[in-house]
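This report concerns a single protein chain. Its sequence and structure are shown first.

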Amino acid sequence: MQTVKFSVTVENGIIRIPPKYRKNVAEKVRVILHSETNQQKVIKKKIYSIGIDMTGYKFDREEANERR
């Protein structure tokens, strides 16, 4: 199996294979889609925007690793 990676814009549900790869395409292919949407960027922004005020918090390694 030959693997080729390329990025294209989907037009009306059609994925056009770039001309330089068309000659190597067999009758059957396996397609794996990785969508590059704005929604992924929004989720990352939300994750980075979560903040916790750690002012005055002291971490005690011994207490954290204490076995009970």
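The text below treats the fold, the surface, the largest pocket and selected residues.

The model is predicted: local features require pLDDT of at least 70 and side-chain atom pairs count only at pLDDT 80 or more, while totals for chains, interfaces and linings use all residues. Residues are numbered from 1 along each chain as its sequence is written, and side-chain values use heavy atoms, with hydrogens and water left out.

The protein chain contains three helices and zero strands, in the order α-α-α along the sequence. Helices (H or I, at least four residues) and strands (E, at least two) are DSSP runs numbered from the N terminus. Of its 68 residues, 3% count as buried; buried means under 20% relative accessible area, exposed over 50%, and partly exposed in between (1.4 Å probe, protein chains only). The chain exposes about 7900 Å², of which carbon and sulfur atoms supply 51%. Such areas come from the Shrake-Rupley method with a 1.4 Å probe, and for residues only the protein chains shown count as cover.

| Residue | Relative accessibility |
|---|---|
| E11 | 44%, partly exposed |
| N12 | 82%, exposed |
| V25 | 35%, partly exposed |
| A26 | 53%, exposed |

E11 takes part in a salt bridge with R16 through their side chains (3.9 Å, N to O), and the structure holds one salt bridge. The criterion is a side-chain nitrogen of Lys or Arg within 4 Å of a carboxyl oxygen of Asp or Glu. N12 lies in the segment before helix 1 and has a phi near 55°, a positive value in a residue other than glycine.

V25 sits in the loop between helix 1 (19–22) and helix 2 (38–49), and A26 is found in that loop too. A26 and Q2 are 24 residues apart in sequence, with their C-alpha atoms 10.0 Å apart in space.

V25 also belongs to a nonpolar surface patch of about 740 Å², made with V4, F6, V8, V10, I15, V29, V31 and L33. Patches consist of residues with over 30% relative accessible area and no salt bridge, like charges being joined within 9 Å and nonpolar side chains (Val, Leu, Ile, Met, Phe, Trp, Tyr) within 5 Å.

The largest pocket holds about 1100 Å³ of space. Of its 24 lining residues, V4, K5, F6, V31 and I32 are the closest to its centre. The lining has 14 nonpolar, six polar and four charged residues. Here Ala, Val, Leu, Ile, Met, Phe, Trp, Tyr, Cys and Pro count as nonpolar, Asp, Glu, Lys and Arg as charged, and the others, Gly among them, as polar. On a 1 Å grid over the protein atoms alone, a pocket is an open set of points where a 1.4 Å probe fits, with protein on both sides within 12 Å along at least five of seven lines; lining residues have an atom within 4 Å of a point.

Note on methods
Points joined across faces, edges and corners; volume = space filled by probe spheres on them.
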